Amino acid sequence: MTVKRSLFSAICATLLAGNASAATITIVNLDGPNEGFNDPTPVAALPSNPFTTLGEQRLHVFQTAANQWGALLVSNIEIRVQAAFNPLTCSGTSAVLGSAGGTTLHQNFANAPVANVWYSSSLASSLANVDINGPGSNDINSQFNVDIDNGTCLTGTAGWYYSTLASDTTPAGRIPLLPVVFHELAHGLGFQTFTNSSTGAFTSGVPSIWDLFLADAVTGTTWNNMASNAVRQASAISDPNLIWKGPIVTAEQANFLGPAPALIVTAPAAIAGEKTANAAAFGASVPPAGISGEVIAASDTGGASALDGCEPLVTNVSGKIALMQRGTCNFTVKVKNAQDAGAIAALIDNNVASGLPGMGGSDPTVTISSYGISQADGDAIRAQLALPVTVSATLGYGSALAGTQLSGGTRYVRMNAPNPVQPGSSVSHWTVDTFPNLLMEPSLNTSLFSDVDLTIPLFRDIGWQVNQSVGDAVFANGFE
């Protein structure tokens, strides 16, 4: 991941010059007595969070994230974020960590860069230099999953971790809250469309500023210029052909993205070639020379499926690359089982026709590398193994930038467009295939903490001004 955050002086040279005013972002506590931000439960102080009650530590993380975004963005108007800890959707294998969005939409305000399109209230107020909703009104609504701390979500998870510095290492089994808040605040600040990704319908018949840059890679047509709701609806599930055509993101992508992870199948000839892959957020990174070996379809002791790797493996994968199917348990469990059985690396093929496995998770005991591959590529490998034919492959890197697609001779960053659509996740995130990982992917990546990456170029595409006075260090090292 050495390509990440590399060319910061060039980025800063293009930012807003002059006496820019850093934004003030205020957290508005909506929690009741003895809950959420007001929870009096005693906790030990952390190296980066000196407070000693659960509620105080939570609020410190939120305000830290708010201050970090405020240092980056230019606005003379206070941005107010209403926030609460609530029970959100969760199970043993998945959970909604948090959600956020703008409270109101605005068009044709004073100084609007583009007429007849929706802007989020915080961006609209910044551009108009007046509080569009009125003084004291809230601009962003957010909530976060209190059940992460209650032990009812994500089997093996012990709760949130309330550090504010990456150097304050998150213990195994804990989820750092700061990057989640940082991600969700970005949605509230405008990293989202207000067009319905399930139907393709504009809000009140008006496109979002987002839709001027969201495009189909095949035709090059942006969402605001598509012929109908049905065309946009199809575009929302068109992975890998949903792209961001913003000029600033396009110019800066090579500074943040590296060569795409790829599975290079070398034998048999029938399926040989470079296959798209998604690198895991946990375990060792694949070295530049790659990891080569024989691929073996692994079986385990049973459970929901003998092919999912959720139980100890019974197939001899020692010294081999273990192939397992997505589903039933966390990616970390599968790869750890392959590691325990002696595998040198692991592959997980998708259990749906579109996209690649997200490969998120955290387990410091996992030391081997792993990739997620498509259902079609997994099926092709399994078909050859059933003949039987030996399959040889390398976990390595391809020639294209990760998470991008060629369109009209230019390479653009892809957006999240799985089939079927995932409301709240589709369209308003980068694709899960970016590498190194980006802040605004749909799932938390433990390789990130406070990195800005391509979020800032996208914000500049949609109209935000960025404060140059914060200096290169913010872009180079997050906010540590």
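**Exercise 1. Find which residue of β17 is the bridge partner of Leu263, and describe the pairing of the strands involved.**

Solution. In β17, Leu263 has Leu395 as its bridge partner. To place this pair, turn to strand β11 (residues 259-267) and strand β17 (residues 391-401), which run antiparallel and are joined by 7 bridges. Strands here are DSSP runs of E with at least two residues, helices are runs of H or I with at least four residues, and both are numbered from the N terminus; two strands pair if DSSP finds at least two bridges between them. This is a predicted model, in which local features need pLDDT of at least 70 and side-chain atom pairs count only at pLDDT 80 or more, while totals for chains, interfaces and linings use all residues. Residues are numbered from 1 along each chain as its sequence is written, and side-chain values use heavy atoms, with hydrogens and water left out.

Next, β11 also pairs in the antiparallel sense with strand β12 (residues 273-279), over 4 bridges, and in this pairing Ile264 stands opposite Glu274. Finally, β11 and β12 form a hairpin, with 5 residues between them.

**Exercise 2. Explain why strand β15 (residues 345-349) is described as largely enclosed by the rest of the structure.**

Solution. Because 5 of the 5 residues of β15 are buried, the strand is largely enclosed by the rest of the structure.

Then look at the pairing: strand β14 (residues 321-325) pairs with β15 in the parallel sense over 5 bridges, and Leu323 has Leu347 as its bridge partner. Strand β16 (residues 369-373) also runs parallel to β15, to which 5 bridges join it, and here the bridge partner of Ile348 is Gly372.

**Exercise 3. State the order of the strands in the open sheet of 4 strands, and identify its edges.**

Solution. The order is β1-β2-β6-β3, with mixed pairing. The edge strands are β1 (25-29) and β3 (98-102), each of which pairs on one side only. As an example of the pairing, β1 and strand β2 (residues 79-86) are parallel and share 5 bridges, with Ile25 standing opposite Ile79 in β2.

Conventions:
Buried < 20%, exposed > 50% of the residue type's maximum accessible area, 1.4 Å probe, protein only.
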